Amino acid sequence: MDKFSSHIKNILHGFFLAIGTTIAEPSTILPLIVNYFGGSSMLVGFFAALLRGGAVVVQLFAAFHAQSYKRMMPYLRRIFFIRFFSWFLIGVAILLFGENYPNLTLASIGLGLFLFSFSAGFAAIYFREIMAKIFSHKFRGKTMAYRQFFSAVGGLVSGALAAWILESFSAPQSYGYLFIISSFIMALGYIAFALVDEPEKEEVSKRESSFRKFLQNSLAILKADKNFQTQVTTFLLAYGYLIALPFIILDAQQKINLDGVAIGSLITTQMVGAMLSNFLWGNLSGNGRNVAVAKVAILVQIIAVSLAFAASSLYVYMLIFFLVGASMDGNRIASSNLVLKLAPADKRPIYIALQMNIVSLGMFFSIIGGIVLHYANYTLLYSLSLGVLLAAFFLSFKLTEGSGD
């Protein structure tokens, strides 16, 4: 446990994955791509939700099978290949169909995002289970902080790469090149983590006779654990910032000149926020203060959305994306560590799947945002987002650290 080689491979996975996926960040480039091909605000919200939340429907099914696996890595490697291939195909589709067939292009992007995110439902269960087996609780906070720091560095690289491609090539070719190039970069991260030495799990649960029975048992676990209920609800509401986030870039596009350099600057600023904040998150989490991480991260999100009401310059938008980048990593660390600490070892895949399934419903908040913006305005959009975040902040004071290893 806590091998240095595993620590490095975890960091490399995060670094290269960040370079690849930041190319289609749902808060910056993806809304612009969808808007370019004639997609409405509702489609922007749907695609943003698809990229982040497509995994929801399969996580419990993945946990149903995973609870009896002694090793997860063989299955995770297959998922890595599917994610690479679906990302690569999005780029190919954009180059093939482009603006000549905009509806077919949008459909291809949607299919690729679905496959990429759908497969993540399996990957998330396998990945977190492996993390729980190869790292102790306190070292998990440390290695995830390092991972997210270097993921932010990868995001900086991605921002510079995106700015160069967007300035060097005209749309839609530039969008296709972004996906194709980034697919091979993220493959390097997949290869790195696929080489982790995973120990065999000794405590495994006997799989239920049917998936329906598994769902009934999972629901019973949720009903019986009040601390788990509070934790799940808090992190679900903490996704309230996604009601507004995919549309802030569209609001900015109406107010200021967003060329390739400006877009790259916003991505870079978001990644700088993520990078610098991980010093704080890593320190707090490493000292067992994951609840404090959650509280601060949600508060930072509240500040970011509040600034969006009156934003009218590139510098203010850069500050907003800086705060967003910082808060996203904080919630990710807190949510991951708290569930691993709360869950009994033999029920860990079920706890992980339950939390991720319920919390991941928040990733569809962008659909609500798209509907609100379609029928109303940005003021109502930001107000709704802020209200949900305030509810999450007050509920975070009921979180407990748990007693796991």
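The model is a prediction, so to speak, with rules attached: local features need pLDDT of at least 70 and side-chain atom pairs count only at pLDDT 80 or more, while totals for chains, interfaces and linings use all residues. Residues are numbered from 1 along each chain as its sequence is written, and side-chain values use heavy atoms, with hydrogens and water left out.

Confidence comes first. The mean pLDDT (the predictor's confidence in each residue, from 0 to 100) is 84 for the protein, with 94% of its residues at 70 or more. Helix α17 (residues 378–395) has the highest confidence, at a mean of 95, and helix α4 (residues 56–66) the lowest, at 70. Helices here are DSSP runs of H or I with at least four residues, numbered from the N terminus. Where pLDDT is low, the predicted coordinates should not be read in detail.

Next, the inside of the protein. The largest nonpolar core holds 129 residues, and Leu113 and Phe193 have the most contacts inside it. Helix α6 (residues 102–134) is the top contributor to this core, giving 14 residues. Such a core is a set of buried Ala, Val, Leu, Ile, Met, Phe, Trp, Tyr and Cys residues joined through side-chain atoms within 4.5 Å. Buried means under 20% relative accessible area, exposed over 50%, and partly exposed in between (1.4 Å probe, protein chains only). Leaving aside residues up to four places away in sequence, Leu113 touches Leu30, Phe47, Leu50, Leu51, Trp87 and Ile90, a contact being heavy atoms within 4.5 Å.

Then there are the charged pairs. Side chains of opposite charge can pair when their charged atoms come close. Searching the whole structure turns up three salt bridges, each a side-chain nitrogen of Lys or Arg within 4 Å of a carboxyl oxygen of Asp or Glu. In one of them, Lys3 pairs with Asp197, with the closest N and O atoms 3.1 Å apart. Lys3 sits in the segment before α1 (4–22) and Asp197 in the loop between α8 (173–194) and α9 (211–224), so this bridge ties together parts 194 residues apart in sequence. Lys3 counts as partly exposed at 40% relative accessibility, and Asp197 is likewise partly exposed, at 47%.

Glu198 pairs with Lys133, with the closest N and O atoms 2.7 Å apart. This pair also links distant parts of the chain, 65 residues apart: Glu198 is in the loop between α8 and α9, and Lys133 is in helix α6. Both Glu198 and Lys133 are buried.

The Lys255–Asp251 bridge has its closest N and O atoms 3.4 Å apart. These two residues are four apart in helix α11 (residues 245–255), so about one helical turn separates them. Lys255 is partly exposed at 40% relative accessibility, whereas Asp251 is buried at 4%.

Finally, the two helical spots. Ser327 lies in helix α14 (residues 314–342) and is buried, at 1% relative accessibility. The Ser327 side chain reaches the backbone oxygen of Val324 at 3.0 Å. Ser327 also touches Ala297, Val300 and Gln301, again not counting residues up to four places away in sequence.

Helix α15 is mostly covered, with 11 of its 12 residues buried, among them Arg348, Tyr351 and Gln355.

Notes:
A polar contact is a pair of N or O atoms within 3.5 Å; within protein, one must be able to donate a hydrogen and the other to accept it, and residues adjacent in sequence count only if both atoms are side-chain atoms.
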